[in-house]
Amino acid sequence: MSLQEIKEQVNQLSVSDRLALISAIIQSLDDTNLQENWYYLVARPHPWRRQLYIKGRKLLASTVWQDKIVNEMTPEQAAENWDLPLPAIYEVIHYCESHRDLIKLEADEERYRLEEKGVLLEPTTTP
């Protein structure tokens with residue numbers, strides 16, 4: 001079965017069934033977090049988000065990682081930009097690269113929830 005076929009089947013589910021499916025998938029991906037020891041990263045209670053945060057901050061590890069990639073920063077530049085120790089940046093990179101599926105799934109979930117609330121995520125152009 002192709003990814004497109006799976007997406008089409010998921011789109012046919014009710015909203016509550018979609019959320020239940022997403023929660024089940026996130027939980028299965030989350031099980032790996034419990035087995036790893038992180039020094040700079042920590043889990044925080046959240047209704048559906050399971051990825052780790054920077055310890056002592058309300059800052060997702062993926063936010064730092066994506067910012068580093070988008071702005072083409074070196075680890076040293078990212079550490080300075082986010083006022084984090086360099087080892088924290090290396091831990092963020094390692095965590096995010098080894099948990100890409102969870103980060104992608106949560107980004108998709110966030111997009112879905114925003115769109116359900118009527119938030120436009122794509123820029124609109126006016127002629």
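Predicted model: local features only at pLDDT ≥ 70, side-chain atom pairs only at ≥ 80, totals over all residues.
The protein chain contains six helices and two strands. Along the sequence, these elements follow the order α-α-β-β-α-α-α-α. The protein chain comprises 127 residues, of which 31% are buried. When contacts between residues at least 6 apart in sequence are considered, 50% of them link residues at least 24 apart. The accessible surface of the protein chain amounts to about 8,700 Å², and carbon and sulfur atoms account for 54% of this area.

The largest nonpolar core consists of 20 residues. Within this core, the residues with the most contacts are Leu41, Ile54, Val64, Ile89, Val92, Tyr95 and Cys96. At least two core residues come from each of helix H3 (61–70), helix H4 (75–82), helix H5 (86–98) and helix H6 (100–116). The greatest contribution is that of H5, which provides six residues. For Cys96, when residues up to four places away in sequence are set aside, the contacts are with Ala61, Ser62, Trp65 and Ile103.

The C-alpha atoms of Ala43 and Ile54 lie 8.8 Å apart, with a separation of 11 residues in sequence. Ile54, in turn, is among the core residues with the most contacts.

Key:
Residues numbered from 1 in each chain as written. Heavy atoms only, no water. Helix = DSSP H or I, 4+ residues; strand = E, 2+ residues; numbered from the N terminus. Buried < 20%, exposed > 50% of the residue type's maximum accessible area, 1.4 Å probe, protein only. Contact = heavy atoms within 4.5 Å. Areas by Shrake-Rupley, 256 points an atom, 1.4 Å probe, with all protein chains shown as cover. Core = buried A, V, L, I, M, F, W, Y, C linked by side-chain atoms within 4.5 Å.
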